[in-house]
Amino acid sequence: MRLFAAVQPPDDVLDHLDLALAMLRRSASAHDDGVRWSARETWHLTAAFYGELPDAATDGLAADLAGAAAVAAPFDLQLRGAGVFAHRTLWVGTGGDVAAMVDLAAAARTVGEEHGAPPDPRVRHRPHLTVGRARPGPRPPRRGSRAATSGGRGGGSGPGRTAGGDRRDLDPTEVFEQALAVYEGPVWRVEELALVSSRPGEGRGGGPLYSTVGTYRLGA
């Protein structure tokens, strides 16, 4: 079974982000925006990735993950800002008690290692939610200066705060970064850590299909 631990934002937080991204997607609806957007049901903040583990290991992993959650106090987070990893992966970042999220991720990672999970190659010091991936292809020709498209704080509309401006000279990743650079979503109280199974290619649009194996209360 392919498993990971995650924090799952509540529906109102996802609604807020979904609306902000819908506005961005609509602005590119007349042409291929060069992005494969992730299905909403896959949105989460990964705490630790465990990879393929035998089914027999799941119960013990779940029990120890519940124990790790129980000693962690609930904390506040919000989705804030955006960026791109490796010119391809589009993500929305976090604000609030990020240090608490990093500590929770470290505890979840330790639990996985104790149950034979391969080392997670990613150091999760920057909690984020992946919303899409740029399709491979050439960058569009630049017809103007970056400064001419930078926009300003408060220049956008809709939920959160977004930067505006003429983005015709930018590639899809740059458009995304500018549009969501100053995004701020609602604050929520993180009270649970989830263990999730993943089946690649079985979800909507050929993406992964996620199923929650269990949820564990923080500070229980």
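**View A. D76, a partly exposed residue at 34% relative accessibility.** Exposure classes follow relative accessible area: buried is under 20%, exposed is over 50%, and partly exposed lies in between, with a 1.4 Å probe and protein chains only. The model shown is predicted: local features require pLDDT of at least 70 and side-chain atom pairs pLDDT 80 or more, whereas totals for chains, interfaces and linings use all residues. Residues are numbered from 1 along each chain as its sequence is written, and side-chain values use heavy atoms, with hydrogens and water left out. D76 forms a salt bridge with R189, in which the closest N and O atoms are 3.1 Å apart. D76 belongs to strand β4 (residues 75-85) and R189 to strand β7 (residues 184-190), so this pair ties together parts that are 113 residues apart in sequence. R189 is also partly exposed, at a relative accessible area of 45%. A salt bridge here denotes a side-chain nitrogen of Lys or Arg within 4 Å of a carboxyl oxygen of Asp or Glu. Helices (H or I, at least four residues) and strands (E, at least two) are DSSP runs numbered from the N terminus.

View B. The N to O distance between the side chains of R204 and E41 is 2.7 Å. R204 is exposed, with 56% relative accessibility.

**View D. Two of the aromatic pairs, F4 with Y210 and F85 with W91.** Rings of Phe, Tyr and Trp (its six-membered ring) pair if their centres lie within 6.5 Å; planes under 30 degrees apart count as stacked, over 60 as edge-to-face, and the rest as tilted. A search of the whole structure finds three aromatic pairs. F4 and Y210 are edge-to-face, at 5.1 Å centre to centre and 75° between the planes. This pair links distant parts of the chain, with F4 in strand β1 (residues 2-7) and Y210 in strand β9, 206 residues apart. F4 is buried, with a relative accessible area of 4%, whereas Y210 is partly exposed at 27%. F85 and W91 are stacked, with 5.1 Å centre to centre and 25° between the planes. F85 is partly exposed at 27% relative accessibility, and W91 is buried at a relative accessible area of 10%.

**View E. The loop between β4 and β5 (89-96), with A86.** A86 is not a glycine, yet its phi is positive, at about 55°. H87, in the loop between β4 and β5, likewise has a positive phi, of about 60°, and is not a glycine. Both residues are exposed, A86 at 71% relative accessibility and H87 at 70%.

**View F. Helix α4 (residues 172-180), largely enclosed by the rest of the structure.** This description holds because seven of the nine residues of α4 are buried. The buried residues of α4 include T173, E174, V175 and F176, as well as Q178, A179 and L180.

**View G. The largest pocket, with about 1,200 Å³ of space.** Pockets are found on a 1 Å grid over the protein atoms alone: a pocket is an open set of points where a 1.4 Å probe fits, with protein on both sides within 12 Å along at least five of seven lines, and lining residues have an atom within 4 Å of a point. Grid points are joined across faces, edges and corners, and the volume is the space filled by probe spheres set on the points. The lining has 37 residues, of which H44, T130, R133, P208 and Y210 lie nearest the pocket centre. β1, β2, β3, β6 (129-134) and β9 each supply at least two lining residues, and β6 gives the most, with three. The lining divides into eleven nonpolar, 15 polar and eleven charged residues. Nonpolar covers Ala, Val, Leu, Ile, Met, Phe, Trp, Tyr, Cys and Pro; charged covers Asp, Glu, Lys and Arg; the others, Gly among them, count as polar.
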